[in-house]
Amino acid sequence: MTMDPQPLTHLASHFANCDRDSQSAGWAELWDTNQNHFWDRGKPSPALVDWIESQPELLPHPTGQRRLNALVPGCGKGYDVVMLALHGFNVYGLEVSPKGVEIAKAYAAAELCKPSADNFASADGSQVAGSSIGAVKFLQSDFFKTDWEKDVAIDGVQGFDLIYDYTFLCALPPEMRKDWAKRMSELLSPTGILVCLEFPLYKDLKIPGPPWGLKGVHWNILAEGDDGIIDEESAKEIGRLRGRFERALYFKPPRSYEAGQGTDMLSVWRLKR
């Protein structure tokens, strides 16, 4: 029996006729028309909060008094940017929409003054706030362009110690996945780590997005060095490891957003040395 194709979601329909060069304009339009609720989770990532407060040994250990520098591309309202700053990072949030950056700046100004409990996994974590808060800077630009890097370089940043991706990769059309991986390798410091909350892993790879299904995609583009355009069979981790990255950690987080609870995976990557 032939099944009828599933109707496109609002986001998938919005981007159905957008080529790669019009992706940024497509997201900016959604911001401008107050449709950011389609991806807004309302709080920082519980999985990332828990992992950061576990004081992972995988984090770089800077010399002297230097803070770790973090980047959150496609940062939305800035929930994870602020949370990382509350844990001592200097954080840069990158967003294509001027309105999105304006909203993120307003959120950060309020939240840094009076942080909510969602920013912390424990009382010990909340003690960081007020004593060792890092700097926050939001940049309006395209992740795949380099113009915004000058705003980072003037702060003395030479590669990021941590880059976090949650719903940025899954928002991109599949033909941009290889470019995403290349750009990540360019922006990380030699000792930095790329942290990915992999979502959605339950979605069929053939169903149009965004969000696009990502089962097996991170491994394919980061470890195997391929283009990330795969099917269910090739999603298995059996290919040759020709990518720029090696996976240092992979686990199912006890806590995540409701949309991916029980299926999300957290992966940590570092550049091959």
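At the start of α5, which backbone nitrogen does a side-chain oxygen of serine 97 reach? Please then describe the helix and its surroundings.

Analyst: The model is a predicted one. At the start of α5, the backbone nitrogen in question belongs to lysine 99, and a side-chain oxygen of serine 97 comes to within 3.2 Å of it.

Helix α5 itself consists of 16 residues. From its first C-alpha to its last it reaches 23 Å, close to the 22 Å expected at 1.5 Å a residue.

Gly100, Val101, Ala104, Tyr107, Ala108 and Glu111 of α5 are buried. Viewed down the axis of α5, these buried residues fall within an arc of 125°, so they line one face of the helix. An α-helix has 3.6 residues a turn, so residues three or four places apart point the same way. On the other side of α5, Pro98, Glu102 and Cys113 are exposed.

The cover over the buried residues of α5 includes the helices α2 (23–32) and α4 (79–86), together with the strands β2 and β3.

These strands belong to an open sheet of seven, ordered β3-β2-β1-β4-β5-β7-β6, with mixed pairing. Strand β3 (136–140) is one of the edge strands, as is β6 (245–251), and each pairs on one side only. Strand β2 (residues 90–95) runs parallel to β1 (residues 69–73), to which five bridges join it. Helix α5 (residues 98–113) packs on this sheet by touching β2 and β3, and its direction makes about 170° with that of β3.

Methods:
Residues are numbered from 1 along each chain as its sequence is written. This is a predicted model: local features need pLDDT of at least 70, side-chain atom pairs count only at pLDDT 80 or more; totals for chains, interfaces and linings use all residues. Side-chain values use heavy atoms; hydrogens and water are left out. Two strands pair if DSSP finds at least two bridges between them. Helices (H or I, at least four residues) and strands (E, at least two) are DSSP runs, numbered from the N terminus. Contact means heavy atoms within 4.5 Å. Axes are lines fitted to C-alpha atoms, for helices over the stretch in contact, and angles run from 0 to 180 degrees between N-to-C directions. The expected span of a helix is 1.5 Å times one less than its number of residues. Buried means under 20% relative accessible area, exposed over 50%, partly exposed in between (1.4 Å probe, protein chains only). The arc is that of the directions from the helix axis to the C-beta atoms. A polar contact is a pair of N or O atoms within 3.5 Å; within protein, one must be able to donate a hydrogen and the other to accept it, and residues adjacent in sequence count only if both atoms are side-chain atoms.
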